2 protein chains.
Amino acid sequence: MRPTRFDFDLSNCGIQRALDVLGEKWTLLVLREAFYGVHRFDDFARALGCGRGVLSDRLKTLVAANVLELRDYAEPGLRPRSEYYLTAKGRDLFPALMALSQWSERWDPAPDGPVADVTDRRSGRRARVIISADARAKPLSLSELDIAPGPGARRIKRK
Amino acid sequence: MRPTRFDFDLSNCGIQRALDVLGEKWTLLVLREAFYGVHRFDDFARALGCGRGVLSDRLKTLVAANVLELRDYAEPGLRPRSEYYLTAKGRDLFPALMALSQWSERWDPAPDGPVADVTDRRSGRRARVIISADARAKPLSLSELDIAPGPGARRIKRK
């Protein structure tokens, strides 16, 4: 059977347009770090262990797409620098990242359990990404969630 | 403030492990085509317009990760060939792809509206990806959804 796929031009498809911004591993990992509270270039570089050129490119793409925004900060005695913060548009990518993480935990669970526990701040109940057609179902936003280290979190021992 | 991020080793994080399989644009677009009903190598190549080497690599990665599976088919008079089908694990990626698409439609809406309408097969109501901590909320699975061309779908005119 010929798929009906070929009756359509999907160049304006939302998945395609999302991937035009996010379409490779480093970009999504930069976002992961932003959700984990990383803001400075040197911290992103250290967290990801990727080349500084690649990182600089990815951060520029995310700023241009209004997913991250630059804010200046100054420490006493040092020249002002920039920090990267998630915009509202960027924070709204959390369900997509959480869906990817949930998928891994379901099909290839980490031996010690999830790295992060995501719960409803109010009820303390475990949060999950679902597809729903219930108009009354109120989606939880990032600010309503508590993201805490889970059973699989590996704390780094410092000397 | 130093992010607590650096107290932890995230190498076993679910996002990271998902991206080890899915971490670039072509892989996610291959999956998009699988959800749109494409099964044959030549059809994937035509739908994506990517090089056959890249496509072959991505399909192998997805089969090795048990996201796609090979099934043989034979047309009368032709030698048997293989088709690629989503496994249960592959179908379970739909919420992640739908979350990416929903994000694009929210923040960079296509001028004519979404390319696809995803509805609950039973109620006909629009389906959406949400984060929920309501244990009673029943997630809709792919088989409970109807995916139809939306207002932004561009039908290809054939001569």
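Modeller: Before we start, a definition: two residues are in contact if their C-beta atoms, placed from the backbone, lie within 7 Å. The model is predicted, so local features need pLDDT of at least 70 and side-chain atom pairs count only at pLDDT 80 or more, while totals for chains, interfaces and linings use all residues. Residues are numbered from 1 along each chain as its sequence is written, and chains are lettered from A and ligands numbered from 1 in the order in which they are written.

Biologist: What does helix α1 of chain B pack against?

Modeller: The buried residues of α1(B) pack against α2 (25-35) and α6 (94-107) of chain A, together with α2 (25-35) and α4 (52-64) of chain B. Helices (H or I, at least four residues) and strands (E, at least two) are DSSP runs, numbered from the N terminus.

Biologist: How many of the residues of that helix are buried?

Modeller: Eight of the nine residues in α1 (residues 14-22) of chain B are buried; among them are B:Ile15, B:Arg17 and B:Leu22. A residue is buried if 20 or more other C-beta atoms lie within 10 Å of its own, exposed if 12 or fewer, and partly exposed in between, with C-beta atoms placed from the backbone.

Biologist: And chain A as a whole, what is the buried share?

Modeller: Of the 159 residues in chain A, 35% are buried. Chain A has six helices and seven strands, and its C-alpha trace spans about 65 × 40 × 35 Å along the principal axes.

Biologist: Changing topic: how many residues does each chain give to the contact?

Modeller: Chain B gives 70 residues and chain A gives 70 residues. On the chain B side, helix α6 (residues 94-107) supplies the largest share, 12 residues.

Biologist: Which strands pair across the two chains?

Modeller: Strand β5 (residues 128-132) of chain A pairs with β5 (residues 128-132) of chain B in the antiparallel sense, over five bridges. A:Ile131 stands opposite B:Val129 there. Two strands pair if DSSP finds at least two bridges between them.

Biologist: What rotation superposes chain B on chain A?

Modeller: A rotation of 180° with 0.0 Å of shift along its axis does so, with RMSD 0.0 Å. That is the relation of a two-fold axis. In chain B, the C-alpha nearest the axis belongs to B:Glu24, 2.0 Å from it. Copies are superposed by least squares on the C-alpha atoms of residues with pLDDT of at least 70 in both.
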